[in-house]
Amino acid sequence: MPSASVFVSNVSLNSTGTFTKPSSMTTVDRYEKSKPRATWWLLITSVAVVISGAFPTGYNIGVLNAPQEILLTFCNQTVYAKYDLVMSKTQVNLLWSVIVSSFLIGGMVGSLFAGLLCDKLGRKNAILMVNWFGLVGAVLFAFSQAAASIEMLITARILVGIHGGFATSAVPMYLTEIAPTSLRGPLGVLLPIGMGLGLVVSLTLGLESLLGTEVAWPYLLGLFAVPIAVGSVVLVFCPESPKYLFINKGRTDSALKELCRLRNRRVQELEEDIMEMKNELKENMKSPSWSFIKVLKCHSIRRQLIILCVCHVGNQMSGINAVFYYSTGIFSSAGMSKEESQYASIGAGLTNFITGIVAAVLVSKFGRRKLLLTSTVLTMLCLVGMIGSFIFMTIASFVPYIAIILLLLYVLVFGIGIGPIPFFIGAELFQPGPKPTAMGIGCTVNWLFNFVVGATFPFVQDILGDYSFSVFVVFLLFFFGFVYVFLPETKDKDIIQLMTYFDNITPNTPAINNVEDVHIIPSAAENSVL
């Protein structure tokens, strides 16, 4: 653990024990030095991480949709050839459930160990190492048909699940650590943007006119190896997280060198970033070791951990996967053919991707809390509207088209708040020590509820029928109240401000929109970038 006495030009330790800059710096100087700059290295690093981590995750989420019937035929033929067994419909469905759910199980494993790997190897090196899981999985996909091996398919799904689960935790952590304070939101949203793009590409390539055929499906399943390989090669030359080097490893010179590369500025022009790292270092030295058990038991960060986990539960319990599950039936009820329904599903995925880009702008303009609350309310309204359209689907010919419009609106409003915010909010709620483990726990909860919703929704559908979405509406009512009461605004706030906020509130005190409304020590307020 490095010493807190590290000195950098023009930054010193004041009498209150926090790092401040000279009082001679004017407001204009502070604005110019803290003004966000999307430098080339920041852009290149962001693109490399997204195409090697986020894109393949989204790709593997949607890649089995189009060739499902072809893959089921392959499984039937393989089992018969190997074991001289003709599977019943129940057995086929069970095998397909194993193939699909193995990705989610891998995701839980990958996200659970993301914090440990990121702390041990560094953010960049951990991402590079886990990318090998994705590459090996792609190779197994590509040769599974030639080897007539269902086991290779399942193993590949587990490996790409581990890669995806790790990416959902490590990618936003890395991006928010290398970003200037005012660009944390836009860079944090890059994860769902990349996943949305991967989903659209997989749905498009899965069309029968492209790679969704009996001959080409192995190439369809393994094609994501290309962006992983390209992104990994580029990432080798990209900077490591300066915060990780400075706070976790005590490598001050390396941290400043990487920070200069990312900001394209000299050390003397980086007082804001250096002060933020030094204050976080001082806070982190109070408890330098954070194990998985310690993060779960620590009272001082329990509130933040609960907020993070509930946000991830909200991401899945909003019903996004169930809505996509319903989408084909909705499109078919409007009179669309199978091929037309596939194109409509691609349109829904494209809406999700475009919304992610819009969210990158909105999250910086309106903040996390307000956007999350707005997204929750609009998502509830769309779900209620879809329930009504299901009930009256056969009453009039135009009702299915209303259902399609509501479905696309649902994807739109989900993508501006509930979709992206849970994945990067943890990077803003925790100090560097517990951050990797806490974000890993949050993503593990996300993958767990993804599995739970997928496994239980067919039974809910059998029981509730057209009212199936009411389960998600009820949960979103609770989620809105929880966010309103407990989640503070994190936009443009440094971790010292947020920690001071959480330290100054009692368990029964509701959250407030502005952290400044809570008493904050002068040095922390002075050092924040507003």
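The model is predicted, so local features need pLDDT of at least 70 and side-chain atom pairs count only at pLDDT 80 or more, while totals for chains, interfaces and linings use all residues. Residues are numbered from 1 along each chain as its sequence is written, and side-chain values use heavy atoms, with hydrogens and water left out.

Two packed helices are described by the angle between their axes and the distance between the axes. Helices here are DSSP runs (H or I, at least four residues), numbered from the N terminus. Axes are lines fitted to C-alpha atoms over the stretch in contact, and angles run from 0 to 180 degrees between N-to-C directions.

Helix α3 (residues 68–83) and helix α4 (residues 89–112) have axes that come within 11 Å and cross at roughly 115 degrees. The two are therefore roughly perpendicular (65 to 115 degrees; under 35 is roughly parallel, over 145 roughly antiparallel and the rest oblique). Contact means heavy atoms within 4.5 Å. On the α3 side, Gln68, Leu71, Leu72, Cys75 and Asn76 meet Val92, Leu95, Trp96 and Ile99 of α4. This contact of α3 with α4 has seven nonpolar, two polar and no charged residues (Ala, Val, Leu, Ile, Met, Phe, Trp, Tyr, Cys and Pro count as nonpolar, Asp, Glu, Lys and Arg as charged, and the others, Gly among them, as polar).

Helix α4 also packs on helix α22 (residues 435–464), where the axes come within 7 Å and cross at roughly 165 degrees. That angle makes α4 roughly antiparallel to α22. The contact includes Phe103, Leu104 and Gly107 of α4 and Gly440, Trp447 and Phe451 of α22. By class, the contact of α4 with α22 divides into eight nonpolar, six polar and no charged residues.

Further along, helix α13 (residues 252–263) packs against helix α14 (residues 271–284) at about 140 degrees, with axes 11 Å apart. This makes α13 oblique to α14. Leu256, Leu259 and Arg263 of α13 touch Asp273, Ile274 and Met277 of α14. The contact of α13 with α14 has four nonpolar, no polar and two charged residues.

By class, the lining of the second largest cavity has five nonpolar, two polar and nine charged residues.
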